[in-house]
Amino acid sequence: MAIIAAGMFPLAGFAGAAIDMARLYVVRTRLQQACDAGVLAGRKFMTGGTLDSTSRERAQQFFRNNFTSSWFRTTNVVFTPADTGDGQVRGTASVSVPMAVMGMFGFRARALNVSCEARFDVPDADIMFVLDTTGSMACTPARSTSSCQSYAGSVTAVQVGNVWAVPEESGSRIAGLKLAVLDFYDTVANAKDPSTRIRYGFVPYTSTVNVGRLLPSSYMVTDTWTYQSRRMNGEQTTGSWTTGPSIARMAQADCTAYRLRSPATGYPATLTYGHSWSSATGSNAPGVCSTRQQSLTPIWRYEPVDHDISGYVQGNAVPDPTKLGVTSPVWAGCIEERQTSALTTFGDPLPADLDIDLIPSSRATRWRPMWPQVMYNRSNNAPQDRTDTSADGSLDWRATTANNRGGFNTCVKQAQRLAELTRAQVSNYVNASDFTPHGGTYHDVGMIWGARFLSPTGPFAADTAARVNGDPPNRHLIFMTDGDMAPNLDIYGLYGYERRDQRVLGGAASSELTDRHNARFSAICEAAKSKGITVWVIAFSQSMTTRLEQCASPGKAYYAANTTQLRDAFREIASLIAELRLTK
């Protein structure tokens, strides 16, 4: 009993020490967690790279939420966040922990101290915005698809420079998109440190893209290209006969054979024939030839025609080869895709027109300028000879004002290759007068050019290359659309004139057109992801389709029903690209 009684005292000390050490460990762990939460919150809410009063209060709030005062009877809880001046938040936390058992043995309360640090870790990044700028973007997000179609069909599109535009409703989708892009830029800018390099690019898309002037001349066909067009194939008289001049001193045989074209070449022209002859005496002998006249017009052959594009592709004003005495508007920069394979399924390797890495090296692999002014329709695919008696000399012309306004011929704002851009430059781009809604939705068109500009092994690899002795940048493609794929046989765009060129349809039933474009879109999405590109997809004011969700990298698909949700989605994506993490 005496031995047991003597041992109780040291045993109590050992047990008390164990209990208090466990309490100290638990308190220290929780204190460290609270400190980490505080600096993370402080860095999260920093604006302009400065830990201001708001972000300090958020840091304190998150610390308090994770470490309650008087927990385990602790006292003197202090958390101090500090701005390091280089985009980081450093913190220290301390607390006094009383001894629960060892206090009976004279041990005083122990002070615990921890430190913590947080930053947004933004590695070099290349960000390509692929943005749907089709006609429906002029509507408000609240409009249904049918309501928006009704609106777009009831207003008159107007021309803005080289592009056409559907007048926007107040609070339009495209207005919300402009705000969201700037929100994205601000979120990343506030997170990155001065040494981080962020490059931005833009690909507005409809049924084509405007990239022609951004490409090296060796990437373009520059001599001739074949268009669904027309060419002169002889001439003929049209209209009613009119009375021509009388010619004296002419033999009857000469009158019968008389034929004069005036002018000798060119149009408009008149053909004068000998009509009747009467004998005469005196100064009019042997007779007088009465004539009649008819207008002379060309016969046009409607068929695929090779036109000289050497001056046109250089941006010069050139004669329109399909009209008389008309100068064609200069090339706006929109292109036709290179030689296209009309397939329904795609494997590896992809055909040339879907290969995002194929550098043009032949006529078949080069791109061609869109030339709406020389495009014409005909009743079927066979060549047809026709006399054009239309008032403006443009029978079955595809580039009429009505077709341009209807979105059957569009040319969007010029794309922007990857570059370090200031906020002002980004703002100027999306708020420019030619960043307008118009035309039909071709997702494959935007995706393939966004992927080409971002691919680290493609024609534009130099744009997205790493810095000398630096790590490769993270590559992100932000794809935003407000509608489903909507190709149309009467559209002239990246794949030529759908009805006549048949580059995607390949002679199949017209009902297959949408499915074929969708298959191309899905193939390009997979090709982009295979190059290490993170694909983010935002469906704006429409349901998130399975195809769009599958295009995105895992967990990277967003739906936004209105402008507020769109801006939130862009900010969240930017925050995820700027990875917040603890450094200590």
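A search of the whole structure, a predicted model, finds one cavity of 30 Å³ or more. About 50 Å³ of space lies within the largest cavity. Its lining is formed by Thr133, Val163, Trp164, Thr410, Cys411, Val412, Lys413, Asp434, Thr436 and His438. By class, these lining residues comprise four nonpolar, four polar and two charged residues.

Open pockets were examined next. The largest pocket has a volume of about 680 Å³. A set of 34 residues lines the largest pocket, and Ser136, Gln149, Gly439, Gly440 and Thr441 lie nearest its centre. Helix α3, spanning residues 145–154, supplies five residues, the largest share of the lining of this pocket. The lining of the largest pocket divides into 19 polar, ten nonpolar and five charged residues.

The second largest pocket has a volume of about 410 Å³. It is lined by 21 residues, and those closest to its centre are Gln159, Asn162, Trp164, Pro372 and Gln373. Twelve nonpolar and nine polar residues make up the lining of the second largest pocket, with no charged residues. Trp164 is listed among the residues closest to the centre of the second largest pocket and also in the lining of the largest cavity.

The buried residues of α2 are Ser55, Ala59 and Phe63. Seen down the axis of α2, these buried residues fall within an arc of 80°, and they therefore line one face of the helix. Ser53 and Asn65, on the other side of α2, are exposed.

A further helical position, Ala523, belongs to helix α10 (residues 513–530). Ala523 has a relative accessible area of 13%; because this value is under the 20% limit, the residue is classed as buried. When residues up to four places away in sequence are not counted, Ala523 touches Phe346, Leu350 and Leu354. The C-alpha atoms of Ala523 and Asp355 are 9.8 Å apart in space, whereas the two residues are 168 residues apart in sequence.

Backbone geometry was then inspected in the loops. A cis peptide bond, with omega of about 0°, joins Tyr267 and Pro268. Pro268 is placed in the loop between β9 (259–262) and β10 (269–279). A cis peptide bond also joins Ala285 and Pro286, again with omega of about 0°. Pro286 lies in the loop between β10 and β11 (287–308).

Positive phi values were found in residues other than glycine. Asp396 has a positive phi, near 60°, and is not a glycine. Asp396 is located in the loop between β14 (384–387) and α6 (401–405). With a relative accessible area of 30%, Asp396 is partly exposed. Asn469, likewise not a glycine, has a positive phi of about 65°. The loop between α8 (443–454) and β16 (474–481) contains Asn469. Asn469 has a relative accessible area of 83%; because this value is over the 50% limit, the residue is classed as exposed.

Conventions. Residues numbered from 1 in each chain as written. Predicted model: local features only at pLDDT ≥ 70, side-chain atom pairs only at ≥ 80, totals over all residues. Heavy atoms only, no water. 1 Å grid on protein atoms, 1.4 Å probe; cavity = no way out; pocket = protein on both sides within 12 Å on 5 of 7 lines; lining within 4 Å. Points joined across faces, edges and corners; volume = space filled by probe spheres on them. Helix = DSSP H or I, 4+ residues; strand = E, 2+ residues; numbered from the N terminus. Nonpolar A, V, L, I, M, F, W, Y, C, P; charged D, E, K, R; others polar. Buried < 20%, exposed > 50% of the residue type's maximum accessible area, 1.4 Å probe, protein only. Contact = heavy atoms within 4.5 Å. Arc of directions from axis to C-beta.
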